[in-house]
Amino acid sequence: MKRRGERELDEGFFEKFSLEMRIKRKAEYEGTRKVRTGKEENAGEDVAEATVAEATFASARVDPWVDPERFQVQALKDTELENAYLSLLRTIHLWLGLEGAQLKQATAQSHDYIQKVFSVPDGKHEDWLRQIRDIKIPKQCIHVSVIEGRDLPVRDEDGLSDPYCVLGLIKLQPEMMDGRSKTKHLQDLVEDETKLKSTTIIYNSLNPNWNEEFELEIDDLNTDCLQIDIWDSDPEKTETLKDLSHIHGFAGFRRFVHQVAQTAVYGAQDDFMGRVYVPLTEVFPDGWEGWKPVMNRYQKLKNGRLHLRIQFKFQKETFVRGHDPLTEHLNIKRQFVQYEANLFRKTEREGKLWNGQLSSIASNLLKQHFVRNGVTSLQKAAIDWLISCEYNTKFGVDSQYILQSLTELDNQWGKVSEPSNFSDANVKEIVSAIKSYQDWCAAVLSKLRDVYPATQTGLQKSLAILLQCYQKTFDLSVMRKRCPLRRFKESIYAILVTSTKIWFERQVALSEPQIQSDHDAAKTAVLADLVLKCVDDLLLAKQVYSLSFQDVAIDYLTVTFQHIDSLLAPLIQTQMNANNALLKTVDLPSSKFSDVAAATFQIYIKVKQFFQFESDFPPEVSRGIRLFKMHAWFRPLVYSWLELAYQKAQERINRALELDHVSVAALSDSVKHSSSAVDTANLLFQMRVSWEQLNWPEPTVAYGFAIKLAEYICSSAMYYANRVHEILKQKSYYNQSPEFDVTEKLCVTLNDIDYVQKALKPLPEAFDWDKVTLSLEAEMGLNAAKQSQRTLHALLPSSDENISNQIAVIVEKIGERMTVEISNYAGQIIKCPPRMTVEDSIKGLMAYLQTNLQSLNNWLLPSVFTQVLLPIYNLCISALFRIVHNRFDLVPSIYRRIVHALKILWSFFNDCGQGLSDESMQTDTYRAIMSLAEKRQAESPNLISQYLEELNRDMAKVESVNRGFLTVQVAYIRPRTALCVKILNTRNIPALDPNGMSDPYVQFQPFPASAFSGKSIRQQTKVQTKTLTAIFDETFYISASVKAFSDFNPVLVFHVYDWNRITKDDLAGETILPLSSVPHLTSEAEVDGLKQTTMSLWLPPPEPKGGLFRIIESRKWDNEAVDFVKKLKGTPKKLRQSNMRISL
């Protein structure tokens, strides 16, 4: 069942803040995941989407950034078309690198192709073709470029070589390539040395760079083979042999020996390093370029490699007078590109961009025309760039094609210091095309977010290439020379600022109707949506676009963030000032206050998201961003929002309690509380989340917010507990009959309060109070931080205690209703007949507890059940204690029954460790009743011994009643099975005679009598007259068994009297000696060596008292107890009082 009532009350006041945070986190996660995985998952589709996007923009020409005149592609004039067509016919007629059937086939295909491209009728084609056929075909030759060598063999003793190449055309023989025959040098194969060409010598190198070009006349295309011999130049080898200092290592020594032998046989000559064969049949008609391995004479062992470029040419070219080959080549390629691009657009899917790829026939024709008409590589690169730029602005082409054209143009331009075959007009045309392309790029990048939406991750690759193209246009040599003031970074920064401004103004325009509203809450809400859009845009800038701008060293995030800051911050500050002014004029309960405060906090949360980017900027950049200083705008509003939040929380709690419902059937092991508790706990969680969202940076202000919000959270929890308690009162729960009955409502109420109480536990961690105090310490000092820490940490215990008190009140009522029943059942334990077992006597109490506790356990949460269990346990213990506390007349067996009953209750409530803990059950009452039972269940002899020992300890502590000292020696003589008592002396006894002296004697008696065969024999020493320090030195023996010492803990009671001839003797003092620690001797002779025991004498109290005496006195049925009491009280009260006066 959905609970909507309490949310509808405040329109989801709390949910929308926590929901926004969850949405934000999910969006960040999904966005990051998509950025990471999108390229791998949808690379092919995204690239296609990128080209579609570029093509779409390329077709839209209405843009203030673009000069329409600059982007127009002029159509060729008739004369230009005719000259270009005739030039192509001449190129086909004079085709290089083909003969026979291959040449015939290529010629036919080429004629068909150019007719289609130029749309030339058959008749005109035949007329022009007849003019071309009269041209005499010149002899072919090959143009060889020896570019570089790599890893050539060492031929000098210093570990290097001085290589040069000799080139020539020879007839290809099968034995040259079989690897069995020894090949010959060019000097031995070519008789006419004028047909041999040689490069310059590159000294001291194994990786020479020549970059030299040569022409060799072809005799037969099918049998001719290019041979290149590589030699090590040694013009002064003989002189070198005289100097041995440059020989290094064993390999150098071997080369030295070889040179000595060679010089001895042939004289001084160059060393052969290797050779390269290139059959002309392996060279394509449009030329070949690549690496060839350098082999030894047997074509087996590789001695490095050689980089070559080979093209076919005519020995003597014939050009038509008045025609410019460069212009013809440009016009031909324009026609080819237009034809191929239109064909591509018709055959490929709509929107896909042409990548500059021409058909094989068009490529071969252009290469033949390029070679045949002497067009240089730089001129060809310039033409390619002009064509790609023109048709990019007309149709749109793949940026990769543009980048390749720019790169090739820059490479070729960099190979010459000043292009001599370029006129100033040509250079201006190239620069104009570059500027036109720069303007086109600026127009695309100004609409970056539309052309390259971040949701299509594959588009970013296309964007990165476009940026590289744009940067390349500024780095071109020709641009640096002709336009030195143009800078890539300044231009791209200006474009990004404009792009951000256009995007921001569009977002503002979309919200314009709402912003014009007179309601400040509506304005704030619209502004909050704008903030969120800016945050989302910056997240895309960081996660997506910045990656594309990395290759061109542009910090896209910083530029975008700074400009958004300059546009957004003034709007926020202005609106917050207006909200502050409004909140000062309205009262808290008003709806206007609520709407404005809620909208303000909502926009604060969203503006706070800007801080996730703070770590991406260096400190000097962060200091200049106004959004990072936004807290001052919101400080007064936050206090208002917190106050409003507390008011809304109380309203929400009241509404939740009104809608509260629960049924017995709904109670289960996992759900044992009502919906109001869940709603309240969720409410407290959302209030905690608001602290995380607040995240205030100023320590002192943050501390104030923390205190206020924590107080409101705790107060809300206490408010719930108080309201639940009031509801119980309203339903007369406390006015019902005292008879206890477990009810569903009672259990649910306790569970609800406990559930809400637990919601406060995470408060210190959620608020990170330690972090708050540490920040405060750094700003205000240690003392202030400690005081603040105490204040924060006192909030939760105080609230927890108040809520626990509410639970205790309800539990106390449970106890009040159970007290009568428990007391009645507990009384049955001592009323039952002696023959009844303890288990039977306590059965009624256990059944009562079992029934009610089982119901409580089924309906209460474990934590609540424990809180209820302990008071019930205490009730049981207290009931037993009240029964036996003032009952001294009970026989010991009753107390043993009580102890047994306590053990049964202990086991029941502990439940094998699953219930109450041992520590919690060790209450003061439990310890008191166990102590009481332990004493009262003891036999009378033991009680007598305990009483006398206790009396001796108590009187020894009273210094004011000290009556001198008695020294004795006491031991048990095992052979005689008797106790030996030796009275040695008394000292400092009181003067009890008129002459200031006394006539002392010592009388002693063992207790209890049971330890000494049931006889308590009193013995005494002789009288010593007129002295205060008497020496007796008398020995006595009392029969006793060894077992008596362990069973009864016997004692000796000593009395010191003053002998009087006429009146009764006066008591000088008494003392007691426990016999539990006396030594056991094997002979009487050992007595003299015993340590003497000196005891203080004291007067007994006027009346015997204490719990033990009362127990002994109450045992009227025990003769030994009765005799002991009679003897203890036998000393007349007057004698005790008179002795007391004398002592004083």
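Me: Why are helix α10 and helix α11 called roughly antiparallel?

Reply: In this predicted model, α10 (residues 325-347) and α11 (residues 360-372) pack at an angle of about 175°, with their axes 11 Å apart. Angles over 145 degrees count as roughly antiparallel, so α10 and α11 are roughly antiparallel to each other.

Me: Which residues make that contact, and how do they divide by class?

Reply: On the α10 side they are Pro325, Glu328, His329, Ile332, Lys333, Phe336 and Glu340, and on the α11 side Ala362, Leu365, Leu366, His369 and Phe370. The contact of α10 with α11 has seven nonpolar, two polar and three charged residues.

Me: Is histidine 329 buried or exposed, and how do you know?

Reply: Histidine 329, which lies in helix α10, has a relative accessibility of 3%. Buried means under 20%, so histidine 329 counts as buried. Leaving aside neighbours within four places in sequence, histidine 329 is in contact with Leu366, His369, Phe370, Val375 and Ile383.

Me: What makes α29 roughly antiparallel to α30?

Reply: Helix α29 (residues 769-780) and helix α30 (residues 782-831) pack at an angle of about 155°, and their axes are 7 Å apart. The cut-off for roughly antiparallel is over 145 degrees, and therefore α29 is roughly antiparallel to α30. The crossing of α29 past α30 is right-handed.

Me: Which residues of α29 and α30 meet?

Reply: From α29 come Trp769, Asp770, Val772, Thr773, Leu776, Glu777 and Met780; from α30 come Leu782, Ala784, Ala785, Ser788, Gln789, Leu792 and His793. By class, the residues of this contact are eight nonpolar, four polar and two charged.

Me: Why is α32 described as roughly parallel to α34?

Reply: Helix α32 (residues 843-859) packs with helix α34 (residues 892-910) at an angle of about 10°, the axes being 12 Å apart. Angles under 35 degrees count as roughly parallel, so α32 is roughly parallel to α34. α32 passes α34 in a right-handed crossing.

Me: What does the contact of α32 with α34 consist of?

Reply: Leu845, Met846, Leu849, Gln850 and Leu853 of α32 meet Ile904, Leu905, Phe908 and Phe909 of α34. Eight of these residues are nonpolar, one is polar and none is charged.

Me: Why is leucine 98 called buried?

Reply: Leucine 98 has a relative accessible area of 11%. The limit for buried is under 20%, so leucine 98 is buried. Its place is in the loop between α4 (78-93) and α5 (100-118). The C-alpha atoms of leucine 98 and phenylalanine 312 are separated by 9.7 Å, although the two residues are 214 residues apart along the chain.

Me: What makes glutamate 1084 partly exposed?

Reply: The relative accessible area of glutamate 1084 is 37%. Buried means under 20% and exposed over 50%, with partly exposed in between, so glutamate 1084 is partly exposed. This residue is in the loop between β16 (1080-1081) and β17 (1093-1098). Not counting residues up to four places away in sequence, glutamate 1084 touches Ile973, Arg976 and Tyr1037.

Me: What is the phi of aspartate 151, and what is that of asparagine 211?

Reply: Aspartate 151 has a positive phi of about 55° and is not a glycine. Asparagine 211, also not a glycine, has a positive phi of about 55°. Most residues other than glycine have a negative phi.

Me: How much of the chain counts as buried?

Reply: Of the 1144 residues, 50% count as buried. The chain has 41 helices and 17 strands.

Methods: Residues are numbered from 1 along each chain as its sequence is written. This is a predicted model: local features need pLDDT of at least 70, side-chain atom pairs count only at pLDDT 80 or more; totals for chains, interfaces and linings use all residues. Side-chain values use heavy atoms; hydrogens and water are left out. Axes are lines fitted to C-alpha atoms, for helices over the stretch in contact, and angles run from 0 to 180 degrees between N-to-C directions. Helices (H or I, at least four residues) and strands (E, at least two) are DSSP runs, numbered from the N terminus. Angles under 35 degrees count as roughly parallel, over 145 as roughly antiparallel, 65 to 115 as roughly perpendicular and the rest as oblique. A crossing is left-handed if the near helix is turned anticlockwise from the far one by less than a right angle, and right-handed if clockwise. Contact means heavy atoms within 4.5 Å. Ala, Val, Leu, Ile, Met, Phe, Trp, Tyr, Cys and Pro count as nonpolar, Asp, Glu, Lys and Arg as charged, and the others, Gly among them, as polar. Buried means under 20% relative accessible area, exposed over 50%, partly exposed in between (1.4 Å probe, protein chains only).
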